[in-house]
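Work through the exercises below with the sequence and the coordinates open. Each task is followed by a solution in steps.

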Amino acid sequence: MAQLDSKIPSGPLADKWRKHKTEIKLVNPANKRKYEIIVVGAGLAGSSAAATLAELGYRVKNFVFHDSPRRAHSIAAQGGINAAKNYQNDGDSVYRLFYDTIKGGDYRAREANVHRLAEVSVNIIDQCVAQGVPFAREYGGLLANRSFGGAQVSRTFYARGQTGQQLLLGAYSALSRMVGAGAVELHTHSEMLDLVIVGGQAKGIVVRDLVTGKITSHSADAVVLATGGYGNVFNLSTYARGSNATAIWRAYKRGACMANPCYTQIHPTCIPVSGDYQSKLTLMSESLRNDGRIWVPKKKEDAKKDPNSIPEADRDYYLERMYPSFGNLAPRDIASRAAKRVCDEGRGAGESGLGVYLDFSDAIKRLGEPAVRERYGNLFDIYHEITAESGYQTPMRIYPAMHYTMGGLWVDYNLMSNVPGLFVLGEANFSDHGANRLGASALMQGLADGYFVIPYTIGDYLAGQKPGSRPSTDSAEFKAAEANVIGMTKRFLDTKGRQPVSHFHKRLGKIMWDGCGMARTEATLKKALREIPALREEFWSNVLVPGSADTLNQSLEQAGRVADFLELGELLCLDALTREESCGGHFREEYQYPDGECKRDDEKFAHVAAWEFQGEGKTPLRNTEPLNYEFVKMSVRNYK
Ligand SMILES: Cc1cc2nc3c(=O)[nH]c(=O)nc-3n(C[C@H](O)[C@H](O)[C@H](O)COP(=O)(O)OP(=O)(O)OC[C@H]3O[C@@H](n4cnc5c(N)ncnc54)[C@H](O)[C@@H]3O)c2cc1C
């Protein structure tokens, strides 16, 4: 059974991080260069961590499967990044950001982690401004803010609709500087396919060079995974097509616990699915809910009409009606379910009936089209490119889609997993968002982890490791991990079935969406749990992976990722079935209040579920970490 010691520091909430930093062990500057750290991933979490650890003096090896760190999925982030700066003087504070995040997560996150996140949020903005990130500014030159869901203050910093791109360019320049200084060894086109454990500690990885197919081992004193979320288990999602779960899944199979995999986020404002040929869905940023109003026709018979022909009196601005305090800025899980409800009633827009209107006509009247264009122009352009419709002239059609995963590898307060020496950052860990993440908080968390948390906490572990004690890659553990990777590759190529990898991914996605999507029931989950193993079996007997292992082979890459999704999907459903309550993005239809809100069961489920691999074909072990709320009173979320 895994040891889950959260290592939450004692003392008052607001003092914990400061106290922890003064109490944890340090590595002296001369010794830092004797340690090697592997960082896998160079999105916001990975590149900020790699750059900062190198700046501190550690020797860093950074691995990414992309051809450049700039291609990480982080680049797609549109709307913004939260920070409790209170530049608007509208009542924000570290405590308020902490409280909003805890409440937004439906009381399923650790208080201490979330408070630290809110504290360091203010440093992130200063750090990024110093790097030259071009945040939007007011006329007078001060940084501008806008609002995101689940908050009643404006605390979101942004760079038009390209915030992730600009932040990543900032982190990438910091990383490039360290690469230039020889402190970071950057390995692009390198996919981590196994984690190597020596003496119970994470001491290296096995990677495949995606261009030459060469399998190599790399040892280190500690391994940091910053490999992003696993939402593509649903196939259709707003994620970059290449985002995958392989690194964290292979680490899970080596003993790292997977926490709350069923906490997945459906985003309410995405362009609806339009056909079977589609491989990805497109997000329309939540920032649009600042000025756009969401509605459906009041009457079913109006659903297929031209929206501009439907008079004001016949429109149902359902979020404003149901949640008058937060209105269109209700949190994502709540807004998504409300959209599903009105569409299920037959009032959904578009051919499929799975769409609601996001309407800017009021904003255009109030602010003028140029102001709307200035704020959101590139998002309107995206919409136009995909639908050939102008959001300025006719309301956009949107529908919820898979977007983010709050679950991930279990980590303690130091961001170390239950495997000593294995640290997990950014979306890959489970830490700060509980059962639902608030908008603009993922960028905040990834950069908090990379710039401000791991640089302190990794020293606490390394100080206990003898410098130069790294194992050799000739050791038996590395050889066994390499053999595992080579064996799996061979199995894919030798199967020589009839269906391409994408066929299985699509079918898995449908099972996941129908069984464990926006709403879940015991029956849909049990059905999915029957279907996934059968699909997995079919995959292993009928998958067709053309080509060879010693060259660029995207089918082979995909095969590994889909094979992992076929296992992770099952765990996700098992977690959802076991958690007999609704909370945040995990909505079990059996557990709801009469008005359709989530019904938590704090008696039985106020804990983190951390699943531990027990071997192929065996049911994983469900460990729990209790969540003790000392500073906030757990209550039923209310956005009315
Ligand atoms: C369309 C969209 C818009 C968004 N907008 C916002 C927003 O406005 N605000 C906000 O806060 N959040 C937003 N998010 C969420 C946010 O972008 C992500 O949660 C965040 O960027 C994840 O960062 P990360 O560094 O953890 O992972 P990623 O950016 O996904 O980076 C993962 C890295 O790991 C590498 N990698 C993965 N697996 C392996 C492997 N096996 N071997 C080697 N390398 C590997 C990849 O190459 C990559 O470098 C948005 C998400 C989407 C989809």
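## Exercise 1: N244

N244 is buried, having a relative accessible area of 8%; buried means under 20% relative accessible area, exposed over 50% and partly exposed in between, with a 1.4 Å probe and protein chains only. This is a predicted model, in which local features need pLDDT of at least 70, side-chain atom pairs count only at pLDDT 80 or more, and totals for chains, interfaces and linings use all residues. Residues are numbered from 1 along each chain as its sequence is written, and side-chain values use heavy atoms, with hydrogens and water left out.

Task: find which residues N244 touches, not counting residues up to four places away in sequence, and locate the polar contacts of its side chain.

Step 1. N244 sits in the loop between β9 (222–225) and α7 (246–252). Helices (H or I, at least four residues) and strands (E, at least two) are DSSP runs, numbered from the N terminus.

Step 2. Contact means heavy atoms within 4.5 Å. Not counting residues up to four places away in sequence, N244 touches F65, E191, T227, G229, R561 and F565.

Step 3. A polar contact is a pair of N or O atoms within 3.5 Å; within protein, one must be able to donate a hydrogen and the other to accept it, and residues adjacent in sequence count only if both atoms are side-chain atoms. A polar atom of the N244 side chain lies 3.0 Å from the backbone oxygen of G242, and one lies 2.9 Å from the backbone nitrogen of T246.

## Exercise 2: N542

Task: is N542 buried or exposed, and which backbone nitrogen lies 2.8 Å from a polar atom of its side chain?

Step 1. N542 belongs to helix α15 (residues 522–542).

Step 2. Its relative accessibility is 13%, so N542 counts as buried.

Step 3. Leaving aside neighbours within four places in sequence, N542 is in contact with T495, G497, R498, Q499 and F504. The backbone nitrogen 2.8 Å from a polar side-chain atom of N542 is that of R498.

## Exercise 3: P395

Task: place P395 in the chain and list its contacts beyond four places in sequence.

Step 1. The loop between α11 (369–387) and β15 holds P395.

Step 2. With a relative accessible area of 3%, P395 is buried.

Step 3. Beyond its neighbours within four places in sequence, P395 is in contact with W295, P307, N308, Y357, L358, D359 and Y383. P395 and Y357 are 38 residues apart along the chain, and their C-alpha atoms are separated by 5.6 Å.

## Exercise 4: the ligand

Task: describe the shell around the ligand by class and by secondary structure element.

Step 1. The ligand is surrounded by 36 residues, each with a heavy atom within 4 Å of it. The closest are H66, S74, G79, G80 and E427.

Step 2. The shell has 18 nonpolar, 15 polar and three charged residues. Ala, Val, Leu, Ile, Met, Phe, Trp, Tyr, Cys and Pro count as nonpolar, Asp, Glu, Lys and Arg as charged, and the others, Gly among them, as polar.

Step 3. α3 (44–56), β6 (190–198), β15 (396–405) and α12 (442–462) each supply at least two residues of the shell. β6 gives the most, with three residues.

Step 4. A polar side-chain atom of S74 lies 2.5 Å from an oxygen atom of the ligand, and a polar backbone atom of M192 is 2.8 Å from a ligand nitrogen.
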